[in-house]
Amino acid sequence: MTVRIGYAAGAFDLFHIGHLNILRQARERCDVLIAGVVSDEMLKLSKGIEPFVPTAERVAIVEAITYVDRVHVEETPSKMDAWSELGFTHFFKGDDWRGTAKGRRLEREFRAVGVEVVYFPYTVHTSSTALRAALDAAIAARQLPA
């Protein structure tokens with residue numbers, strides 16, 4: 001029997017229920033789950049954002065999740081680099097990537113090496129983008145003169 005090695009990558013900044021849902025659903029579909037945590041430097045480079053929670057702390061949070069067997073810190077923008085290093089058989093992502101240029105490219109690259117891309121429903125009501133906007137607004141409001 002072939003061991004199904006799953007890989008679920010993300011920033012995992014401002015960890016929320018959507019992150020937990022992806023990790024839980026991923027674990028249900030593989031024998032070993034590796035969570036990829038995008039480094040602070042890669043977040044700045046790829047998304048132009050400064051994480052609220054530093055890489056080492058995000059790694060500690062994700063490592064503590066019972067669904068996760070191992071954590072890998074992503075230090076390059078290519079998911080293929082992670083695959084070359086880890087050899088996973090399944091890549092898990094939120095379905096907000098489905099049908100996008102990035103998602104189609106990812107599917108093509110992984111299909112070429114036999115990795116199945118599996119999408120899970122995106123948690124619309126809770127997202128890191130929304131949480132980040134709320135925190136930025138709260139911080140800005142505190143900085144206004146009284």
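Reply: Happy to! A quick term to begin with: two residues are in contact when they have heavy atoms within 4.5 Å of each other. Please keep in mind that this is a predicted model.

Let's look at strand S4, which covers residues 90-94. Is it buried or exposed? The strand is mostly covered, with 5 of its 5 residues buried. Both of its faces are covered: one side carries His-90, Phe-92 and Gly-94, while Phe-91 and Lys-93 sit on the other.

Now for the partners of S4. Strand S1 (residues 5-10) runs parallel to S4 and is joined to it by 3 bridges; here Gly-6 stands opposite His-90. S4 also pairs with S5, again in the parallel sense, over 5 bridges, and in this pairing Lys-93 faces Tyr-119 of S5. To get from S4 to S5, the chain passes through helix H5 (residues 101-112), making a right-handed β-α-β crossover.

Phe-92 also leads us to the core. In the largest nonpolar core, which has 17 residues, Phe-92 is among those that touch the most other members, together with Leu-23, Leu-33, Val-62 and Val-68. Helix H1 (17-28), strand S2 (32-38), helix H3 (55-63) and strand S5 (116-120) each give two or more residues to this core. Let's follow Val-62: leaving aside neighbours within four places in sequence, Val-62 is in contact with Phe-12, Phe-15, Ala-35, Val-37, Val-68 and Val-71. Apart from this core lies another one, of 14 residues, including Ala-9, Ala-82, Phe-110 and Val-115.

Definitions and conventions
Residues are numbered from 1 along each chain as its sequence is written. This is a predicted model: local features need pLDDT of at least 70, side-chain atom pairs count only at pLDDT 80 or more; totals for chains, interfaces and linings use all residues. Side-chain values use heavy atoms; hydrogens and water are left out. A nonpolar core is a set of buried Ala, Val, Leu, Ile, Met, Phe, Trp, Tyr and Cys residues joined through side-chain atoms within 4.5 Å. Buried means under 20% relative accessible area, exposed over 50%, partly exposed in between (1.4 Å probe, protein chains only). Helices (H or I, at least four residues) and strands (E, at least two) are DSSP runs, numbered from the N terminus. Two strands pair if DSSP finds at least two bridges between them. A crossover is right-handed if, with the strands pointing away from the viewer, the path from the first strand over the helix to the second runs clockwise.
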